[in-house]
Amino acid sequence: MNGVLGNFARLSHFNYDQNGKDWNVNTGRQQSPVALTTAKAVKSTASELIFINYNKALSRPLKLTNNGHTLKMSIPCAEDCSQPAVCGCKLKSIYKAVQLHFHWGSPEKKGSEHSINCTRYDAELHIIHQNIAYALKENALCSWDGFVVLAIMVNIVECPTLKPRVLNEVFNKSRFVRNFNKTSTIEGTFSLSDILAGVKCTEFFTYKGLQVKSSSQMDAVIALYILGSLTAPPCAEVVNWYVFPKPVEVLKTNLQNLWLLADDRGKPLRNNYRLLQSLNNRTVYYRTENAT
Ligand SMILES: [Zn+2]
């Protein structure tokens, strides 16, 4: 625990020059992102994710920040003080939405982190949820079941079938936070469901495994879940990933605003994605709409 916390200050100075190859992180065998393939995935029979208070307007102010690594927005409670969260789908707890941020590429490169059927998309949105069993982020960061992250692919097309209003507003607003540490307030309000407009929430990939260990106490055999990790330092292995494969379509004029952000060195903040990691002994599951 202290090791993870003690590394925070040093790890906050990472950059994406080598897409994570040069990060000095203690990585194990449960790292993310990974390549996801429908044909190789095991069909999941899990129930749907349940979205709690996702349709409620978030309280203001909604603040966008350039933290030098990404464009992020802390997720406040809803206007009625309820907390947007997810549960269901074999999750043993409720996970409250705490933050969202993006990974993107450049005019030359795609920027999603996970790949779907050998395809990478132009950007990937992460909505971070923290297990309500842990009051402090620091405690969740030290617990295998600390976080659930929803990953949404974003793709540039010439004629989007549906123009995602809120995503486009966030992209356009990023021109006010081009420099490191800049913050800007989004006018108006929206719900997290608005952010998910166009996402087929019943179809997703997850990846996990079971590691069976014999416990020295009581001669018992214990089964430990192995899941995924944060994709930025400290890359802690504390994330249960849900990756929605159907991309949200946006216009280039909207997404390209992200390419103009700068990092804490004043360099273009582009290609802020981590390279694919080995799946190791984890199984990829794919849930389709008619799973149950
Ligand atoms: Zn992320």
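Tutor: Cys 159 has a relative accessibility of 64%, which puts it in the exposed class (over 50% is exposed, under 20% is buried and anything in between is partly exposed, with a 1.4 Å probe and protein chains only). Cys 81 is exposed too, with a relative accessible area of 64%. Please keep in mind that this is a predicted model, where local features need pLDDT of at least 70, side-chain atom pairs need pLDDT 80 or more, and totals for chains, interfaces and linings use all residues. Residues are numbered from 1 along each chain as its sequence is written, and side-chain values use heavy atoms, without hydrogens or water.

Let's stay with the cysteines for a moment. The disulfide count is 0 (two cysteine sulfur atoms must lie within 2.5 Å).

His 101 and His 103 are both buried.

Now to the charged side chains. The whole structure holds 8 salt bridges (a Lys or Arg side-chain nitrogen within 4 Å of an Asp or Glu carboxyl oxygen). One of them joins Lys 173 to Glu 187, with 3.1 Å between the closest N and O atoms. This pair links distant parts of the chain, 14 residues apart: Lys 173 sits in helix α4 (residues 165-173), while Glu 187 belongs to the loop between β11 (183-186) and α5 (192-195). Helices of at least four residues (H or I) and strands of at least two (E) are DSSP runs, numbered from the N terminus. Lys 173 is buried at 13% relative accessibility, whereas Glu 187 is exposed at 58%.

Another salt bridge runs between Lys 200 and Glu 203, whose closest N and O atoms are 3.4 Å apart. Here Lys 200 is partly exposed, at 34%, and Glu 203 is buried, at 16%.

Arg 265 and Asp 263 also meet in a salt bridge, at 2.8 Å from N to O. Arg 265 counts as partly exposed at 37% relative accessibility, and Asp 263 as buried at 6%. These two residues and Asp 17 are linked in a network of salt bridges.

Finally, look at how strand β12 (residues 204-214) is held between partners in the pairing list. β12 runs antiparallel to strand β15 (residues 283-287), and 5 bridges join them (pairing takes at least two DSSP bridges). In that pairing, Phe 205 stands opposite Tyr 286 of β15. β12 also pairs with strand β13 (residues 221-226), again in the antiparallel sense, over 6 bridges. There, Val 212 faces Ala 223 of β13 as its opposite residue.
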